[in-house]
Amino acid sequence: MLETQNLRAGYGHITVLWDLSLTFREGALTAIVGPNGAGKTTLLRALTGLIPYEGRILLGGQPLAGRKTWDLAAQGLVMVPEGRLVFRDMSVEENLCLGAYPKRCRGDVSAGLDRVYALFPRLRERRTQAAGSLSGGEAQMVAMGRGLMSQPKILLIDEPSLGLAPVIVNEVFSIIARLKEAGTTILLVEQNTRVALSVADDVHLLRGGQVRLSAPAADIALDRLHDLYFAREAETA
Amino acid sequence: MTDLVLQALFSGLLVGSVYALVALGLALSFGAMRIINLAHGELVLLAAYCAYVVEGRLGLDPYLAIPLALLVVSAVCAVLFLMIDRIREHRELNSLILTFGVGIILTNAILLIFASDARTTASATLQDATSVGPVYAMNGEVVAFGVSLALMVALWWWLKTSWYGRAVRAVSSNRAAAKLMGISPVRTELVSFLVAGALASFAGVALYTMSVVQPALGHALTVKAFIVTVLAGVGSIPGVFLAAILLGVTEALTVTLASSALQELAGMVLFLLVLFLLPNGLFGARARRG
């Protein structure tokens with residue numbers, strides 16, 4: 001189980017997250033939804049140790065303070081960043097191979113590649129092409145495929161639907177659902193609340209760096225979520 | 001006259017391959033660490049003097065100096081890396097000052113120990129000439145050229161296929177994304193620095209066995225490596241190789257057709273011309289400017 005206690009993080013003097021206390025159940029798919037600037041990506045960056053934070057982050061009850069991003073990734077806390085964070089001057093296949101950099105993943109790189117190409121046939125066509133020359137959606141697929149190569153135990157996904165055609169969005173979400181079936185704990189940051197809700201077990205709604213709603217996905221009506229999302233009424237949750 | 005020009009082209013090609021090794025070392029540490037190691041030429045010089053010690057003082061074959069050079073240069077690289085790693089703020093700028101200072105210290109240390117005399121190999125075998133068609137080369141030059149080519153292929157292979165090599169490229173390409181792949185950037189920087197040092201070691205021994213070395217050479221080599229890097233415009237190994245040969249040939253033609261006093265000037269003029277006419281280098285993408 002992954003947990004934050006009074007998490008406060010930001011950039012320089014700007015605080016983005018205010019005393020966030022959240023729990024993410026093991027083996028569950030938790031969707032983090034909210035409008036632009038709510039602090040969703042910042043939360044993922046703090047969880048992976050990319051930015052400094054105050055408060056505590058606990059993984060299986062153990063505080064993560066001081067743990068480096070690369071150590072966490074090597075142990076299976078893997079983040080799929082937005083597509084801009086691909087290695088632009090390396091080929092698609094080299095990008096994917098780098099996903100298998102942690103020592104425990106190096107054994108079956110070619111099997112991993114086959115799996116990713118089966119999921120995203122487009123990437124097989126473009127495997128020798130520089131990742132910087134791909135469209136936004138294709139770069140997103142590279143980021144996703146690279147994350148899968150890391151054989152994540154906990155997978156943090158940042159806006160997987162961004163820039164993807166609706167058909168491919170559905171494919172990506174079916175992949176995410178299958179990963180969950182396989183026992184991976186997933187944190188999904190998504191602006192598209194409808195698709196997010198369709199696969200999530202739990203939902204946290206962030207706005208202005210604070211939690212506005214935490215509930216099982218089954219208990220949430222989309223209308224209510226949208227009201228909170230756009231701050232159309234005083235919060236009562 | 002044609003023979004002279006052909007000879008200059010050939011000599012330029014041979015020495016250019018060693019310039020390429022020096023420039024690739026500079027480019028490698030710049031790629032991963034985003035710092036320009038102004039002491040890189042002095043690392044090459046250090047290796048050259050290792051060869052001098054082994055041959056001139058111990059009376060052994062200068063190529064036996066390679067392990068010694070690797071050891072000495074790696075040690076200096078490691079110390080230099082630890083110093084750079086301690087810089088907390090404005091690393092790009094502060095590391096320039098730091099490495100510039102270290103370069104001066106190394107040059108003067110060599111001057112103090114070995115005096116300012118020019119040194120070169122005394123081996124008759126290495127100084128013997130081989131003819132290749134109408135042109136001639138010292139055996140030492142031919143060996144240096146072969147070794148340089150082999151090292152460039154090895155470097156390319158390492159960067160392409162080994163996990164450490166891929167990590168170096170990943171960190172050079174996107175630091176944040178590399179961290180997310182489980183790559184430790186500091187360890188990768190150290191690896192890139194040590195590989196740059198290894199290239200400098202070979203380049204130094206090569207220079208001693210094919211040409212003349214003296215304590216002031218380090219700084220000149222750093223400048224040459226810098227010129228080559230800007231000429232190439234991209235970090236690709238073939239690009240750096242071609243740019244280095246262009247510099248070597250320009251220098252050799254200047255010496256043949258004008259005067260050896262103008263050798264360094266020729267490189268600078270070439271450098272300025274490229275900066276004015278092709279600011280992205282000979283092989284850089286035209287679109288990426290500023």
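At what angle do the axes of helix 3 (residues 65-85) and helix 9 (residues 185-210) of chain B cross? Select both helices: their axes come within 8 Å and cross at roughly 145°, where axes are lines fitted to C-alpha atoms over the stretch in contact and angles run from 0 to 180 degrees between N-to-C directions. Helices here are DSSP runs of H or I with at least four residues, numbered from the N terminus.

Before moving on, note that this is a predicted model: local features need pLDDT of at least 70, side-chain atom pairs count only at pLDDT 80 or more, and totals for chains, interfaces and linings use all residues. Residues are numbered from 1 along each chain as its sequence is written, while chains are lettered from A and ligands numbered from 1 in the order in which they are written.

Now show the side chains between the two helices. Helix 3 of chain B brings residues including B:Ala69, B:Val73 and B:Phe81, and helix 9 of chain B answers with, among them, B:Leu190, B:Gly197 and B:Val205; contact means C-beta atoms, placed from the backbone, within 7 Å.

Next, select residues 66-84 of chain B, one of the stretches that an unreviewed UniProt entry lists as "transmembrane region"; such annotations may be inferred rather than shown by experiment. This stretch is 100% helix, with its end C-alpha atoms 26 Å apart. Residues 6-28 of chain B, also on that UniProt list, are 100% helix too, with end C-alpha atoms 32 Å apart.

Finally, turn to chain A and colour domain 1 (1-76 + 152-237) and domain 2 (86-151), whose bounds come from an automatic or database domain assignment. Their centres, taken over C-alpha atoms, are 24 Å apart.
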